[in-house]
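Biologist: Could you walk me through this one? I'd like to hear about the packing and the ligand site.

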Amino acid sequence: MSERRDVIVVGAGMAGLRCAVELRVRGLEPLVLEAADAVGGRVRTDEIDGFLIDRGFQVLLTAYPEARAAFDYAELDLRRFVPGALCRRGDRFTIVADPFRRPLAALVGLLAPAGRPGDIARVLRLRREALQGTLPELFARPETTTAERLNELGFSPAVQQTFLRPFLAGIFLEHELETSSRMLDFVFRMFATGATAVPARGMGALSDQLAARLPAGAIRLGARVAAVKPGAVVLASGERLEARAVVVATTGLLPEVEPRAWRSVTCFSFDAPVAPVHKPILVLDGTRGGPVTNLHVASALAGGVAPPGRALVSASVIGPSGTATEADVRRQLAGWYGAVVTDWRLVQALHIPHALPVVQPHLRAPRLDSGIFACGDHLQGPTLNAALATGRRAATAVVGALAR
Ligand SMILES: Cc1cc2nc3c(=O)[nH]c(=O)nc-3n(C[C@H](O)[C@H](O)[C@H](O)COP(=O)(O)OP(=O)(O)OC[C@H]3O[C@@H](n4cnc5c(N)ncnc54)[C@H](O)[C@@H]3O)c2cc1C
């Protein structure tokens, strides 16, 4: 007869780790079961040929309230992006300075690619509305799509195409901007009130920091769960484990909380002898010609992610596998940077089919009718903030249930 634990948490992504850390703080002894060979889920950093490469381009918005509560930012040694973006349009780049925190300073860039003076007023209005009220109030606002909201606000086609659309497509991983307008307001608020950052050793440092708060033996790697019931899980190996409560911190096990669909992306990582951009700034395809929507030089942000004398260039292509070949990507980037692109060596082309879940941004209760607890970004919205929030809430619900 196996020992009965306090709590089993299935999945060591952001949500599962946050849940386990909160359970420990409240005096319980969780066991985390993780199918993969390391913690982090979608937030991992791999070492390949001396480069530290994140599993897809992602960033920490330092204003995320849940991240501020969960992480020790100083220990992460955060490297901050220059606000705004370099937008490719025609045969040149235009800089859009910082439309979120200093909309007036962004004036020059916003107008340069044929934007209209009214666009500045629109950014100011979007900013004012995004900053109004509490976050729960923001997520209860009337909802439309991001595309419709940009049109309702009256942004000129030039500003939408050059900056807003590629910028937001890179965040939501979809070009049509069908994502809820609540998410637009939420990310705008986060950009307006904090920095865009990545830890010096890559995003995986976030997962490692949470995992380090759990005692040895609290996480079992390579432990794939095949089935869950209230109070028990069965591993793919056939082993059965019992606990007073089970928290499922992943998709694929509970049909009642499966996302409608997933957004996909492919990240092309190149080893370049010379960086095409020396600043830590986002570069956007302002033509919608594609296939690359955004690019950045990761080693300009954090030198330690590339071997000395090399640059790590990361380019993202939104969409299913096969949307673009390496040759397609090189062709586009040669148009931007010229023949030097032929000197770049592809280190990795990583396709991530399940990058962001398609869900309405709302709060699902952490305790399901089945008596099982659930957390993960698929319960609230596709961000680190949501994953962390759901993990914390699941821990609170478990503590409450076990105290009864
Ligand atoms: C390319 C990309 C870019 C992104 N960009 C951003 C960004 O810029 N900002 C932002 O806020 N968010 C971003 N995100 C989203 C963010 O990474 C996620 O919201 C968050 O990591 C989700 O965490 P999670 O714990 O809910 O899920 P996951 O990270 O998916 O964790 C689930 C865990 O469960 C494990 N697991 C699955 N099945 C089983 C099983 N049967 N048994 C045991 N273990 C199992 C998995 O291996 C995994 O470790 C991005 C994501 C991707 C992929």
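**Helix packing and the ligand shell**

Modeller: Let's start with a helix pair: the axes of helix 1 and helix 10 (residues 204-211) come within 9 Å and cross at roughly 25 degrees. Axes here are lines fitted to C-alpha atoms, for helices over the stretch in contact, and angles run from 0 to 180 degrees between N-to-C directions. Helices are DSSP runs (H or I, at least four residues) and strands are too (E, at least two), numbered from the N terminus. This is a predicted model, where local features need pLDDT of at least 70, side-chain atom pairs count only at pLDDT 80 or more, and totals for chains, interfaces and linings use all residues. Residues are numbered from 1 along each chain as its sequence is written.

Biologist: How is helix 1 oriented relative to helix 10, roughly parallel or roughly antiparallel?

Modeller: Angles under 35 degrees count as roughly parallel, over 145 as roughly antiparallel, 65 to 115 as roughly perpendicular and the rest as oblique. The crossing is roughly 25 degrees, so helix 1 and helix 10 are roughly parallel.

Biologist: Which residues of helix 10 make the contact with helix 1?

Modeller: Contact means C-beta atoms, placed from the backbone, within 7 Å. Helix 1 brings Met14, Leu17, Arg18 and Val21, and helix 10 answers with Ser207, Leu210 and Ala211.

Biologist: What about helix 13: does helix 1 pass it in a left-handed or a right-handed crossing?

Modeller: Helix 1 and helix 13 have axes 7 Å apart, at an angle of about 35 degrees. A crossing is left-handed if the near helix is turned anticlockwise from the far one by less than a right angle, and right-handed if clockwise. For helix 1 passing helix 13, that's right-handed.

Biologist: Which residues come nearest to the ligand?

Modeller: A residue counts as near if its C-beta atom, placed from the backbone, lies within 6 Å. There are 34 residues around the ligand, and the nearest are Gly11, Gly13, Gly41, Gly56 and Gln58.

Biologist: And which elements give two or more residues to that shell?

Modeller: Domain 1 (4-43 + 203-259 + 361-403) and domain 2 (45-80 + 197-201 + 261-358) each supply at least three residues to the shell; the domain bounds come from an automatic or database assignment. The elements giving two or more are helix 1 (14-25), strand 18 (345-358) and helix 13 (384-403).

Biologist: Where does the cis bond partner Pro291 lie?

Modeller: Gly290 and Pro291 are joined by a cis peptide bond, with omega about 5 degrees. Pro291 is in the loop between strand 15 (282-285) and strand 16 (292-297).

Notes. Two residues are in contact if their C-beta atoms, placed from the backbone, lie within 7 Å.
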